[in-house]
Amino acid sequence: MSTATPPASSQSPAAPSPAQDSSQNVSQADRAVLDYLRSRGHAAAEKALLAELDGATPDDIDKGKATETIDADELVKTLAVFAHKPSRPGENVLRDSSSVLQELTAMGNPSNIQSLISSIGSVGAEEILSLDPTDKQEGFRELEAWVDGSLDMYRPEFRPILFPIFCHFYLDLIQHGFKDAALRFFSTFSASLSPSHNATLHHISTLLLPAHVQNDELAQRFRNEKFSVRMSRSGFGLLVGWLTEGVGGEAPGAGDGFSGEKGKRGRAAVMRVVNNHLRFDVTSSNPSSVSPHAWEESTGLLSSLIPKASGTTAANYTSPQAFNASKGDLKLGPAPLGDELRAEAERVLREQAMVERDPAAQYEFQIPRPTSVPGMIIPLESDLLPHPPTFKTIDVEREVSNVRDARKRIRLDPTVLANLDVNSPQASTVRARALPSICAYTLHDVVEGSPCCTFSQDTSLMAAGFSESYIRLWSLKDEKLRGMRSDFNASSIKDGSSLQKIKEKKGTTTRKLIGHSGPVYSVAFDPVGGSATPPKYLLSASADATTRLWSMDTMTNIVAFRGHENPVWDVKWSPMGIYFATASRDRTARLWSTDRISCLRIYAGHLSDVDCLQFHPNSLYLATGSSDWTARLWDLQRGSCVRVFLGHQGAVSSLAVSPDGRYLASAGEDLAINLWDIGSGKRIKKMTGHSASIYSLAFSGESSLLVSGGADCTVRCWDVKGPGGSKSKPRENGSLGLANDNSTHGYGDDENPETIDLVATFPTKRTPITNAQFTSRNLCLVGGSYLSSELR
């Protein structure tokens, strides 16, 4: 059908087909035979008879198909699957062809059918009627067999093409009304892709009608953007050869290749997606010299994920590397300390050393000044966010405590475990040096669920947010939590002793804070006092789209910060206090100050929910993770994106920045942890081992160890400095399993192996870990809610 075809509601007659024109010139008996063959569905026999009667060959009749049209009734019946009623969005109400015309007349020429007609183009509506849904299943089966049977050096770069082709095949089947065939296709091939793309596959599986595809944002991104795939030159040559010739490295016995009519249609379906929806970034790198996980770093729907260049004449960036390089160097060094504060903290340290008569302490009372490290720029005091011009006593106590904690900190060095013999007598001693002590806090009888928890830096308090809209505090030092009485007179408060008199006389070791009207998704204690004093404030983020500030002195809510339009998923304090940031479902992150009720900055650019965020240690930058599979680094004051990190194959659920400011760790729904170099924006390595979603990440004080906790009820320790890479799998007879052995591998079989930088795994019984963090002396604290067998 050409673009000039009238809309579905039009009842104008269509032009007769060539078959009908030819049948007008035959005798009445021959016409009766032709009508009988047509009524029985014998199209091939009808065409052959008609060709013989006209003295033409069947091929001559095929030549007229380019201009062949169908009548309005047939077109309307074909387009019936593309309409639905708003009251019944999940069901095709026009399935019965007898009621199609009446239903469409009542719907009044809906816009989705108009857009469909305009998108058909000059190919013709006959293509829709003649589509064979089995060609996609056959084509994908042969493609998957070819990828699995390719050489080990090429398999990592071939695997990323399976996911976009699978998605387009499924969306094509749904778009053309083959719902049952689409569901069979999904159930047959989705299992091999689910380890890395579980969230996306679940999403597209909910699209069951063409109207769903037309109105879904992700589906339209697949339709309108090209999926970028990075591939070596030799690998790309093999792929092209296999697509065009049907040969090129397939496994012996893996399949018969594209043979026969069905095989040719399958190859054509694959080539159609490759030509129209994939963009190949062909590199000259040797496949054997590239890390297997590096191929997916620049894979995906990148055109909308990379921030656009500023200015009307600036060219858009085609890769995250080009964008990151254009932003120049970042100031990632430690934040400078004011001279007056430094002098006062050193004076206090000298006095304490004299009082304690500690010979080791007298040489460590000076606070080290930031030293220049190659590749890192130290910021100036003028680069920092505005802060009070004078310091307070609590600032001095914090700096003094930092020096003392650094002296007493347990040094963790996981690199010593690389060549450790676990059966040696020194094994336990070496492991004690390399691995942290982990203290786990478990919440019991939490039927409603607890999405979050956190610990104060001085380890005196624990807070947890609950799905029933409240927050609960616990004293970890068995001290009573007492707030202020409500009947005191403000004029009676003259000094600290009078302030203590108006506190509640009775108290318990736990306290409930009520104020939110929705589930509490994140809580955070203020860091101003560090490990020296208990926190003064607590922040909480909720589904009610507010962030609340709570006083730990009065145990009451002080301020409710409103500005987000949707649930707030995460909240974090700036390392210097005063400022904090929030992440929301409205696709933005926002910067706030405790002395103002409106936000200071809005960081917009993500294409989906901003799920998590983390401040850089020097408070100049903010890292955000999103459901659009990316993490970004923002300049706090300018509000601009300075780094984009692409490499996850699912939503980014957790972030952590190393204390030395060099590394960013991101965990995603693809069950992988990516370690990034913030300065260059490049991925250092990919760490895998978790079998379920990862909820929390934390670096040790030396930035040498990373701890993760997740829904698989484990705490895992990772060597940050280690090289990474997959472990060799032992075979059943005990020898190492080589990749070129005779065993068969399916796509996804080794999708999530434990990498060699996983140095330890600590399982819980049935407690998913929602938070993991290190104290200033490298004690690891983790927390979560116990899942009873009934809840599981």
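In strand β5, A464 is the bridge partner of C453. The model is a predicted one, in which local features need pLDDT of at least 70 and side-chain atom pairs count only at pLDDT 80 or more, while totals for chains, interfaces and linings use all residues. Residues are numbered from 1 along each chain as its sequence is written, and side-chain values use heavy atoms, with hydrogens and water left out.

Strands β4 and β5 (residues 461–465) run antiparallel and are joined by 4 bridges; strands count as paired if DSSP finds at least two bridges between them. Helices (H or I, at least four residues) and strands (E, at least two) are DSSP runs, numbered from the N terminus. The open sheet has 4 strands in the order β4-β5-β6-β7, with antiparallel pairing. At its edges lie β4 (452–455) and β7 (510–514), each of which pairs on one side only.

Turning to the helices, α19 spans residues 339–356. Its 18 residues reach 26 Å from first C-alpha to last, close to the 26 Å expected at 1.5 Å a residue (that is, 1.5 Å times one less than the number of residues). Buried here (under 20% relative accessible area, 1.4 Å probe, protein chains only) are L341, R342, A345, E346, V348, L349 and A353. Seen down the axis of α19, these buried residues fall within an arc of 160°, so they line one face of the helix; the arc is that of the directions from the helix axis to the C-beta atoms. The buried residues of α19 pack against α20 (393–408), with contact meaning heavy atoms within 4.5 Å. On the other side of α19, D339, E340, M354 and V355 are exposed (over 50%).
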